[in-house]
Amino acid sequence: MTHDLKESFSADSPPAPVALAAKVRTLAPSMTRSMQRVAEAVAGDPAGCAALTVTGLAELTGTSEATVVRTARLLGYPGYRDLRLALAGLAAHQQSGRAPSVTADIAVDDPIADVVAKLAYDEQQTLADTAAGLDTVQLGAAVAAAATARRIDIYGVGASSLVGQDLAQKLARIGLISHSHTDPHLAVTNAVQLRSGDVAIAITHSGSTVDVIEPLRVAFDRGATTIAITGRPDGPVTQYADHVLTTSTARESELRPAAMSSRTSQLLVVDCLFIGVAQRTYETAAPALAASYEALAHRHTPRPR
């Protein structure tokens, strides 16, 4: 099953103006260079671009009218007119609030207080971007599949494997059979055992991690429902995903690599997935969660001296 990039990101209605900047950051890496120039222009100066005709924006970015229209459609708008309205709304939203005072990258000689402030700002922006760009229809379908699954297998390597382990232990605590596989060979051999009624979840920020794609492909071929959590909706992993949950492509720096920025957005997505499953299975999830708390309670009680 392949996923068209536009279909993966376009909802039934155009995205809200405040979601436009997040969408540009997420989709820009997969755009052509000319489309990137258009996207960067509208995200960088929404008020100025909102005042331009399609011809004017094409001239400003050194592209063509057709490129401007294609970019607008890729971002989820039926045409340039709709994009201009969103730009005007985004500009008004920005003017009504205070501009963030912390936007610079972390420097090697930054005081620790500045490091805290900059990281906090970046984390908040990553979470906001992920929430704005997350397709709730896809999320709902993923929740429905996981809530009724016989078994849930999760694949991830590196930092993504930590996110997968987090999801697996949460699901296990509400009584679901869930396993996180970090060894690529074991992931494939376990995927072979999946079938219809099972769920396989691949977590890969790049969307091109072979050790994650391969077990998902096997699970897909075996008839399991497959879910990809990725920052690249056009990545190879989505070829084998029934449902795609997109994470934010956060700003990186020398001291804040992709593994840090992607982890934040991935954790938000898996938490949303988990809460959705817990809601759907509440009658069994609540007692299971209570039992797990009770089983561990003595470990949190100070022992008498």
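The talk below takes a few labels one at a time.

Mentor: The model is predicted, so local features need pLDDT of at least 70, side-chain atom pairs count only at pLDDT 80 or more, and totals for chains, interfaces and linings use all residues. Residues are numbered from 1 along each chain as its sequence is written, and side-chain values use heavy atoms, with hydrogens and water left out.

Trainee: Why does Cys49 count as buried?
Mentor: Buried means under 20% relative accessible area, exposed over 50%, and partly exposed in between, with a 1.4 Å probe and protein chains only. Cys49 has 2% relative accessibility, so Cys49 is buried.

Trainee: Why is Val116 called exposed?
Mentor: The relative accessible area of Val116 is 52%, and exposed means over 50%, so the label holds. Val116 lies in helix H8; helices (H or I, at least four residues) and strands (E, at least two) are DSSP runs, numbered from the N terminus.

Trainee: Which residues of H8 are buried?
Mentor: They are Val115, Lys118, Tyr121, Asp122, Thr126, Asp129 and Thr130. Down the axis of H8 these buried residues fall within an arc of 165°, taken from the directions from the axis to the C-beta atoms, so they line one face of the helix. Ala113, Val116 and Gln124 are exposed on the other side of H8.

Trainee: What is the basis for calling Thr67 buried?
Mentor: Thr67 has a relative accessible area of 5%, so it falls under the 20% limit. Thr67 sits in helix H6, residues 65–74.

Trainee: What does the side chain of Thr67 make a polar contact with?
Mentor: With the side chain of Arg70, at 3.2 Å. A polar contact is a pair of N or O atoms within 3.5 Å; within protein, one must be able to donate a hydrogen and the other to accept it, and residues adjacent in sequence count only if both atoms are side-chain atoms.

Trainee: How do you know that strands S4 and S5 pair?
Mentor: Pairing takes at least two DSSP bridges, and four join S4 (residues 225–230) to S5, which run parallel. Ile227 stands opposite His243 in S5.
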